[in-house]
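Please keep the sequence and the structure in view while reading.

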Amino acid sequence: MGVIGFSSYTSFLCSPKSINVCGSNQRRVFAMTTTLPVKSVEGEEKGGRVKLSGDSFIRPHLRNLSPYQPIFPFEVLSTRLGRKPEDIIKLDANENPYGPPPEATLGTMKFPYIYPDPESRRLRAALADDSGLESDYILAGCGADELIDLIMRCVLDPGDKIVDCPPTFTMYEFDANVNGAAVLKVPRNSDFSLNVDHIAKVVEEEKPKCIFLTSPNNPDGSIISDDILLKILQLPILVVLDEAYIEFSGVESRMKWVKKHENLIVLRTFSKRAGLRVGYGAFPLSMIEYLWRAKQPYNVSVAAEVAACAALQNPLYLENVKDALVRERDRLFKLLKEVPFLNPFPSYSNFILCEVTSGRDAKKLKEDLAKMGLMIRHYDKKELKGYVRVSVGKPEHTDALMKCLSAIQ
């Protein structure tokens, strides 16, 4: 038998600090945490024995982790607002108000009681037909969020660095913190475009492992051009391109690009496309093998796979829903431009970012609308102080929003 020896050691873990590298002359400091062999356990002593404290087992860098701020579902909002769920309009989470096609029901499930296929073969074959990319390059997950975390677990060692370009989807920073990575923040330009020169400089100086980009970007709805993406792909860094909202942009997905670029991952989701919590990603063949090894074996449930496959079998429904949301987005944008205290930004997604002007308070605006049963998203981080985001809903949702905004004026 093999013998495993244990000895005292010291390891260093980089605490999950966010580092703003906006100024080229700023001094960058990484806080380090030392983990020493445990000599005692925190807790109260009782009868000569130590009473263990559960949090003493938690990894040190997670003790100060701020939880992710989720959007609440109808049931929770109903209790908080004192309204029936059907009397609440949710325009705060970029959800698809039309949901999946009618075929995406659980009635077609032959074996609902068995574990799902760990390789999601049927779903991946359908995704291959839909995307034009062979299924060997595709991996499915329980939402794109699971794949973001899986990528970080496979790529990042504690203390490694990622590049984040705020304002953007905050899950990248959150998952980096969970995985003990440092976050190098390269803020976007005033028009929300990427500062490519600054990104290149940070990559050269800091040697980060990966960069997370979103196109269309959440929360402003801007897209990344082919030229810009190609410039970033030339850098010695793994590029994770999140295309959660690509259907609404009129731009073709870059999923097929992974066959030519070894440092590119492209993520997609059914959440916005068909109202289903199923994500998928395109990976280089040289990389995907290791993600298969590390992923949870039964991560996509039988119900989710059946529903997603059914949705893909009704492309006309998906196209009609997309067209309806794009039309309503254009209508909503024109109406928001007429509101004297809002400055909406053009969007290629299913939401519109608005600057709250004329001395109005963005948080109060959100709260006032909530009292009327209408939910929007507001931001308090410095990059978006004084901004709100409105998801595109059905025409009647837009009408209700404009009525509430008129009442507030």
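In what order do the four strands of the open sheet lie, and is the pairing parallel or antiparallel? The order is β14-β15-β18-β17, and the pairing is antiparallel. The model described here is predicted.

The edges of this sheet are β14 and β17 (377-378), each of which pairs on one side only. Helix α10 packs on the sheet and touches β14, β15 (351-356) and β18; the direction of α10 makes about 10 degrees with that of β15. Between β17 and β18 there are two bridges, and these strands run antiparallel. His 378 has Val 388 in β18 as its bridge partner.

In β12, six of six residues are buried. Leu 264, Val 266 and Arg 268 point one way from the strand, while Ile 265, Leu 267 and Thr 269 point the other way. Residues on both sides of β12 are buried. The pairings of β12 are listed below.

| Partner of β12 | Direction | Bridges | Residues standing opposite |
|---|---|---|---|
| β11 (residues 238-242) | parallel | four bridges | Leu 241 and Val 266 |

In soluble globular proteins, nonpolar side chains tend to be buried together. The largest nonpolar core here has 48 residues, and those with the most contacts inside it include Leu 123, Ile 199, Ile 211 and Phe 270. Helix α9 (residues 302-312) supplies the largest share of this core, seven residues. Apart from this core lies another, of 30 residues, among them Leu 91, Ala 244, Met 402 and Ile 408. Leaving aside residues up to four places away in sequence, Ile 211 touches Val 163, Cys 165, Ile 199, Ile 232, Ile 237, Leu 238, Val 239 and Val 240.

The last element is helix α12 (residues 395-408). How far apart are the end C-alpha atoms of α12? They are 20 Å apart, which agrees with the span of 20 Å that its 14 residues should have at 1.5 Å a residue. Several residues of α12 are buried, including His 397, Leu 401, Met 402, Leu 405 and Ile 408. An α-helix has 3.6 residues a turn, so residues three or four places apart point the same way. The buried residues of α12 are covered by elements that include α10 (315-337), α11 (362-371), β14 (342-344) and β18 (387-391).

Conventions. Residues are numbered from 1 along each chain as its sequence is written. This is a predicted model: local features need pLDDT of at least 70, side-chain atom pairs count only at pLDDT 80 or more; totals for chains, interfaces and linings use all residues. Side-chain values use heavy atoms; hydrogens and water are left out. The expected span of a helix is 1.5 Å times one less than its number of residues. Buried means under 20% relative accessible area, exposed over 50%, partly exposed in between (1.4 Å probe, protein chains only). Contact means heavy atoms within 4.5 Å. A nonpolar core is a set of buried Ala, Val, Leu, Ile, Met, Phe, Trp, Tyr and Cys residues joined through side-chain atoms within 4.5 Å. Two strands pair if DSSP finds at least two bridges between them. Axes are lines fitted to C-alpha atoms, for helices over the stretch in contact, and angles run from 0 to 180 degrees between N-to-C directions.
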